[in-house]
Amino acid sequence: MGPILPEILPLFPLNGALLLPRGQLPLNIFEPRYLTMVEDALGLGRAIGMIQPCYDVPDPVPDATDIYTVGCMGRIVEFRELEDSRFLVTLAGISRFKVLEELDIERGYRRAKADYAPYGIDLSENQAPVDRDGLLMGLRHFLDISDGAGGTEMLDVNWDALEQAPDEDLVNALSMLGPFEAREKQALLEAVSLTERAETLITMMSMAALSNEDGSSGHA
């Protein structure tokens with residue numbers, strides 16, 4: 001029996017937040033409308049639709065903000081309520097979805113009719129292989145150039161763990177933790193397959209390294 005894919009999803013628009021199938025996204029929930037959304041989701045299948053605004057806006061994202069048409073449905077797999085009324089939750093990515101229609105705001109948060117049909121591949125763990133050598137080489141080059149340019153490292157790299165990680169875990173980690181812009185993260189989300197997502201990652205890291213290299217060479 002496969003996972004339940006609700007037709008109507010509560011939407012959580014969040015700048016720069018990327019959730020991918022079989023990835024995990026920790027969230028610190030404190031805004032009243034999203035506290036309500038989490039409480040409702042806990043009683044209705046624990047499903048939440050993560051989606052990005054189309055342009056940079058200050059958090060919290062205003063309700064009238066345009067959002068991308070593709071997001072990822074996550075299921076609450078960890079929940080903790082703190083003494084200051086915040087919720088700490090972890091979402092496990094299940095499947096991407098396309099927004100068919102936004103519905104009226106209910107109980108303070110946005111909702112949409114979701115179509116999962118174009119993303120049946122998300123429910124299969126049998127993904128095509130990826131260019132692991134290219135990914136790890138691209139990451140090493142990117143970090144070397146970033147350090148030389150005085151930039152911030154993309155992540156605290158545990159090379160042993162990365163080299164031993166399954167293909168999908170490796171691609172998800174680099175995609176979700178990478179210092180990419182919202183439109184770049186959206187491109188990673190919308191990549192047709194794991195192979196295409198890995199190729200997109202390699203290209204992005206190469207372009208970022210080239211940009212950092214050009215920037216550092218321009219200083220006296």
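**View 1. Strands S3, S4 and S5 pair side by side in the antiparallel sense.** Strand S3 (residues 47-51) and strand S4 (residues 70-81) pair in the antiparallel sense over 4 bridges, where two strands count as paired if DSSP finds at least two bridges between them, and where strands (E, at least two residues) and helices (H or I, at least four) are DSSP runs numbered from the N terminus. Within this pairing, Ala47 stands opposite Arg75 in S4. S4 also pairs in the antiparallel sense with strand S5 (residues 87-106), over 11 bridges, and here Met73 stands opposite Ser95 in S5. The hairpin of S4 and S5 has 5 residues between the strands, and in this hairpin Ser85 takes a positive phi near 80°.

The model shown is predicted, so local features need pLDDT of at least 70 and side-chain atom pairs count only at pLDDT 80 or more, while totals for chains, interfaces and linings use all residues. Residues are numbered from 1 along each chain as its sequence is written, and side-chain values use heavy atoms, with hydrogens and water left out.

**View 2. Helix H1 is largely enclosed by the rest of the structure.** Of the 11 residues of helix H1 (residues 32-42), 8 are buried, a word that means under 20% relative accessible area, with exposed meaning over 50% and partly exposed in between (1.4 Å probe, protein chains only). These buried residues are Arg33, Tyr34, Leu35, Thr36, Met37, Val38, Asp40 and Ala41. What covers them includes strand S1 (8-13), strand S2 (24-29), S3, S4, S5 and strand S6 (109-115).

**View 3. Cys54 and Cys72 are in no disulfide.** A search of the whole structure finds 0 disulfides, a disulfide being a pair of cysteine sulfur atoms within 2.5 Å. For Cys54, the nearest cysteine sulfur is that of Cys72, 17 Å away. Cys54 counts as partly exposed, at 35% relative accessibility, whereas Cys72 is buried, with a relative accessible area of 1%.

**View 4. The largest pocket is lined by 12 residues.** A pocket is an open set of points, on a 1 Å grid over the protein atoms alone, where a 1.4 Å probe fits and protein lies on both sides within 12 Å along at least five of seven lines; lining residues have an atom within 4 Å of a point. Among the lining residues, Pro179, Phe180, Glu184, Met204 and Ala208 lie nearest the centre of the largest pocket. Helix H2 (132-148), helix H5 (182-190) and helix H6 (194-217) are the elements that give two or more residues to this lining, and the largest share, 4 residues, comes from H6.

Notes. Contact means heavy atoms within 4.5 Å.
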